[in-house]
Amino acid sequence: MNDHIVPDSEHRGLIARLPPLPRDLAQLARFDRPIGWWLLFWPCVFGVWLAGAGWQLSLLGWLLLGAIAMRGAGCVYNDIVDAKLDASVARTAARPVASGRVSKRLAWGWLITLCLIGLVVLLQLRLLAQLVALASLVLVAAYPFMKRITWWPQAWLGLVFNWGLLVGWTQLRFDNWDALACLYAGCICWVIGYDTIYALQDREDDALVGIKSSALRMGEAVKGGVTAFYLGAVVLWGLGLWLYRPDWIALLTLVPVAGHLLWQVATLNPADPDNPLARFRSNCWAGALMALACFIVGNAGA
């Protein structure tokens, strides 16, 4: 049974104890790898907390549920589209659709179920935020094809994974778009950086099957490339916070997250199979630190 648990699962024991079909559906939606939904959720928190309306815990609870459901739906869709490619890559060959344990028909049914959960979350938002959220569907639908078209599918992922920043913001207010644009651009740089680290695991297999990625494009300069994108993220975040609140104290809130990103690149070892995955997963903490910065800046003096 453990042969069906993909190598980067974070909950091997829990997933392995499930009956076969629930186990496969959980893996298909990546419920065994919560880092994905955290990385989708944190930009939502950035937008909500920077808006300056306090903790907004009820709203964040709905957005977390939406992040879990829609990240799961996105993964199911990606696996349906990439079934043949996944079967050619050692790390992904055991995925439920690629291995044939889950039919595409059942996968589509599971996808619709997850989208219905997302719809429940969508209905909790005001109309403007609903429209913003729905606008992301085109980006989501195109993402699985980007790795066939461009060496930078990570940039497209950045557009998708940070859309929650815009949703969270427009749920509470509709101004300061210059600041928000800088924060969104910074988040895209952050995603390119951390997803390049993630893609280091698949460089050999991707090259063999013709999949493109920023990790392959950067080649031996990958560590410097990730550093440049992380630096771009911090600079753009700083510019966004400055445009929102021109105060040097606001910039100081970025010191912890900048330090964490610096640690990632300083300790990154592309030659060690376990090192990139650990650095990638540590971005959950980077997101938490950035969310804290947004809360301090957004709610200062409130």
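Predicted model: local features only at pLDDT ≥ 70, side-chain atom pairs only at ≥ 80, totals over all residues.
Is D24 buried or exposed? With a relative accessibility of 4%, D24 counts as buried.

## The chain as a whole

Now take a step back. The protein chain has 19 helices and zero strands. Its radius of gyration is 19 Å, close to the 19 Å given by the globule rule for 302 residues, so the chain is as compact as a globular protein of that length. Along the principal axes, the C-alpha atoms fill a box of roughly 55 × 45 × 35 Å.

How much of the chain is buried? Buried residues make up 53% of the 302 residues. The protein chain exposes about 13100 Å², and 69% of that area is supplied by carbon and sulfur atoms. If you look at contacts between residues at least 6 apart in sequence, 72% of them join residues at least 24 apart.

## Charges and salt bridges

Side chains of opposite charge can pair when their charged atoms come close.

Another salt bridge is formed by the side chains of R95 and D79, at 3.7 Å from N to O. This pair links distant parts of the chain: R95 is in the loop between helix 5 (83-87) and helix 6, D79 is in helix 4 (residues 57-81), and the two are 16 residues apart. Both R95 and D79 are buried.

A further example is R173 with D175, where the closest N and O atoms are 2.8 Å apart. R173 is partly exposed, with a relative accessible area of 22%, and D175 is also partly exposed, at 30% relative accessibility.

## A buried arginine without a salt bridge

R279 has its place in helix 18 (residues 274-281). R279 is buried, yet it has no salt bridge. What is the nearest side chain of opposite charge? It belongs to D272, which is 7.2 Å away; a salt bridge here requires a side-chain nitrogen within 4 Å of a carboxyl oxygen. Leaving out residues up to four places away in sequence, R279 touches I197, W263, Q264, T267 and L268.

## A covered helix and a nearby glutamine

Helix 11 (residues 163-172) is mostly covered, with nine of its ten residues buried. The buried residues are W163, G164, L165, L166, V167, G168, W169, T170 and Q171.

One of these, Q171, is in contact with Q124, as is W62, when neighbours of Q124 within four places in sequence are set aside. Q124 lies in the loop between helix 7 and helix 8 (127-134) and is partly exposed, with a relative accessible area of 38%. The C-alpha atoms of Q124 and L63 are separated by 9.5 Å, although these residues are 61 apart along the chain.

## Loops worth a visit

Two residues stand in the loop between helix 2 and helix 3: R30 and P34. P34 is buried, with a relative accessible area of 13%, and its C-alpha atom is 9.4 Å from that of R281, 247 residues away along the chain. R30 is buried too, at 5% relative accessibility.

Most residues other than glycine have a negative phi, and most peptide bonds are trans. R30 has a positive phi, near 60 degrees. N176 has a positive phi as well, near 55 degrees. N176 is found in the loop between helix 11 and helix 12 (177-199), where it counts as partly exposed at 25% relative accessibility.

Note on methods:
Residues numbered from 1 in each chain as written. Heavy atoms only, no water. Helix = DSSP H or I, 4+ residues; strand = E, 2+ residues; numbered from the N terminus. Buried < 20%, exposed > 50% of the residue type's maximum accessible area, 1.4 Å probe, protein only. Lys, Arg positive; Asp, Glu negative; His and termini not counted. Contact = heavy atoms within 4.5 Å. Rg over C-alpha atoms; globule rule 2.2 N^0.38 Å. Areas by Shrake-Rupley, 256 points an atom, 1.4 Å probe, with all protein chains shown as cover.
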